[in-house]
Amino acid sequence: MGLLQATISPATAAPPAPTAASTPGGDTAASATPVPGVPLTTMTPNTTSRIALVLFDEDIVLVGGRGFAPDGDVSVAALTTRLGGSALIRSDADGRFILGFRVPPDFKGAVNVKATQGGTAADGSLDVVGPEAAAAEFKAAPPLPNLPVGSSGTSSGTTGSATAAPTATATPATSDASTADVPRPTAATPSVTLKPTPSARPTTGPTTPTTGPPTVSPATPAATTPATAPAAVATTAAAGGTSSGAVAGSGAGDTRGAQSGLPWMSGYQSHQLASLTQFGNWRGRANDLVHVYTTRTAGWSGLVDPTSLMDQFKSFPGKLLISEPTYPQGQGSNGECAKGAYDEQWKKLGTSLVAHNRADSIVRIGWEFNGTFMYWHSDSDAAAFKTCFQKISSAIRSTDPQVKIDWTFNAHASPVPSGNSPWSAYPGDEYVDYVGIDSYDHFPPSKDDATWNKQCEDVNGLCYVIRFAQQHGKKVGVGEWGVASCSGDGGGDNPFYIKKMYDTFRSAGTTMGYDAYFADAAPGNVCSTIMNGGQNPKSAAEYKTLFGGGSG
């Protein structure tokens, strides 16, 4: 803990003693003695970004960085096999940061970590042997010779080796990151979430980092507290409870289900009023919203004047949840959007919503931008997409002040932007009302609490989104979710997943804004249908019991 405190609290640490520094010519020169009252950082300016890795308590790797731009987001990614994952942390006023993550107990090899901030990057490597791997090595080692202590130089050395921890053997590092195009919805590549523990968590530093993974998974008896979560935000209550001491999201106002009676708005994906009504009748609760998609192949009119969709649901008392790409297919780019080339088009959408008495609609701009299967996806550098989102949000709001804007990514993995994290593409609180995620039961499917917790608390997971929304005063939107019976790595007819989603929605308390179940029966997609049993009768019964009026 002394090392941790010295690393993250440089202002209170004692100045180091002068040391001898080697010069390029081979001579040594004494380094300057710090002048009393003058910050050490001004005496030894650092212009090179770098990171350092140290092992703490056998299985925790601490990553410390310095030389980054102050008060900015830094994406930290573990690139070693079995450790693929990333986290976003904010540098302090001196351009430094520290976080920790846990390696598997049987891990043995080189841990490779890369930190990026804009065009700046730094990497580091550390040989690590986890406690189980160390124990296995010890058991496999040949027996020690039975020699008296001090009988020879060899005996004392051997005795010493019996108490020393086995040393790590470096193994070639391989990257798990993949940016290959994969057809939706099988675009997620499994990644191992960084697992910080309370002992590795900074006690000082920024109080409101841009991200903080939530620990809201209701079935976790003893969830770890992520290093990037600020101390001021409390963890949630036990199973089925609501947040304890958490900051409730307020960006979208009161989002209780006026039609369904649920604590949040709950609905369904459909383009026909009859189908929407049928779903509500089947589950035993009316829908609070309907999720619709505009026509992306009909030019700008298909996006900004969706009159037919609004007419279809003219008599529906709930809200419209509208998913919009950032430009029509084959007619634009995020780069041009970022320059403001499409602002006038997007103002038309706000005008249309107001004219059709749908000013209070929720608009999902460029949803699932972190998957390369969407033509509007972000580049490795998220700058163009982020600025494009800001332009669209501002344009719609300029003609429809009541509209609610939703920023949604695809769960489980982020082929883009760089770092296997969507958060560098977050446009900023002033442009967003809902922070959203589309989360199906695949890559990996949730068959038990351990698997659920691992994917939910990942930087690409639902629990992470909930904590972020709590910190930033936003609401959470889950515009697409469902079981996956046809997906390549789907959980099939899995009522366990249905219950975990329900429990997590409830545990989010007032931060939970809405959910919309996605029904799909097409072979080769997700096969998530549950109405009237559908393809997934067990999941259907569980959904009806939890989200509706009874079993069956």
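The second largest pocket in this predicted model has a volume of about 470 Å³. A pocket here is an open set of points on a 1 Å grid over the protein atoms alone, where a 1.4 Å probe fits, with protein on both sides within 12 Å along at least five of seven lines. The volume is the space filled by probe spheres set on the points, which are joined across faces, edges and corners.

Residues are numbered from 1 along each chain as its sequence is written, and side-chain values use heavy atoms, with hydrogens and water left out. Because this is a predicted model, local features need pLDDT of at least 70 and side-chain atom pairs count only at pLDDT 80 or more, while totals for chains, interfaces and linings use all residues.

**Around the pocket**

Which residues lie nearest the centre of the second largest pocket? They are Asp 73, Gly 118, Ala 382, Lys 386 and Ser 424, out of 24 lining residues, where lining means having an atom within 4 Å of a point. Two or more residues of this lining come from each of β5 (73-78), β8 (108-117), α10 (383-399) and α12 (462-472). Helices (H or I, at least four residues) and strands (E, at least two) are DSSP runs, numbered from the N terminus. Strand β5 gives the largest share, three residues. By type, the lining of the second largest pocket has nine nonpolar, twelve polar and three charged residues. In this count Ala, Val, Leu, Ile, Met, Phe, Trp, Tyr, Cys and Pro are nonpolar, Asp, Glu, Lys and Arg are charged, and the others, Gly among them, are polar.

**Helices that pack together**

Helix α10 also packs against another helix, α9.

| Helix pair | Angle | Axes apart |
|---|---|---|
| α9 (343-355) and α10 | about 40 degrees | 7 Å |
| α5 (273-283) and α14 (537-547) | about 80 degrees | 9 Å |
| α13 (495-507) and α14 | about 20 degrees | 8 Å |

Angles under 35 degrees count as roughly parallel, over 145 as roughly antiparallel, 65 to 115 as roughly perpendicular and the rest as oblique. Helices α5 and α14 are therefore roughly perpendicular to each other. In their contact (heavy atoms within 4.5 Å), Phe 279, Trp 282 and Arg 283 of α5 meet Ala 540, Tyr 543, Lys 544 and Phe 547 of α14. These contact residues divide into five nonpolar, no polar and two charged.

On the α13 side, Pro 495, Ile 498, Lys 499, Tyr 502 and Phe 505 meet residues of α14 including Glu 542, Tyr 543 and Phe 547. The contact of α13 with α14 has seven nonpolar residues, one polar and three charged.

**Backbone details in the loops**

Most residues other than glycine have a negative phi, and most peptide bonds are trans. Where do the cis peptide bonds described here sit? One runs from Val 416 to Pro 417, with omega near -10 degrees, and Pro 417 is in the loop between β14 (404-410) and β15 (434-440). Another runs from Phe 443 to Pro 444, with omega near -5 degrees, and Pro 444 lies in the loop between β15 and α11 (449-456). Glu 368 has a positive phi of about 55 degrees although it is not a glycine. This residue, Glu 368, is found in the loop between β13 (362-365) and α10.

Notes
Axes are lines fitted to C-alpha atoms, for helices over the stretch in contact, and angles run from 0 to 180 degrees between N-to-C directions.
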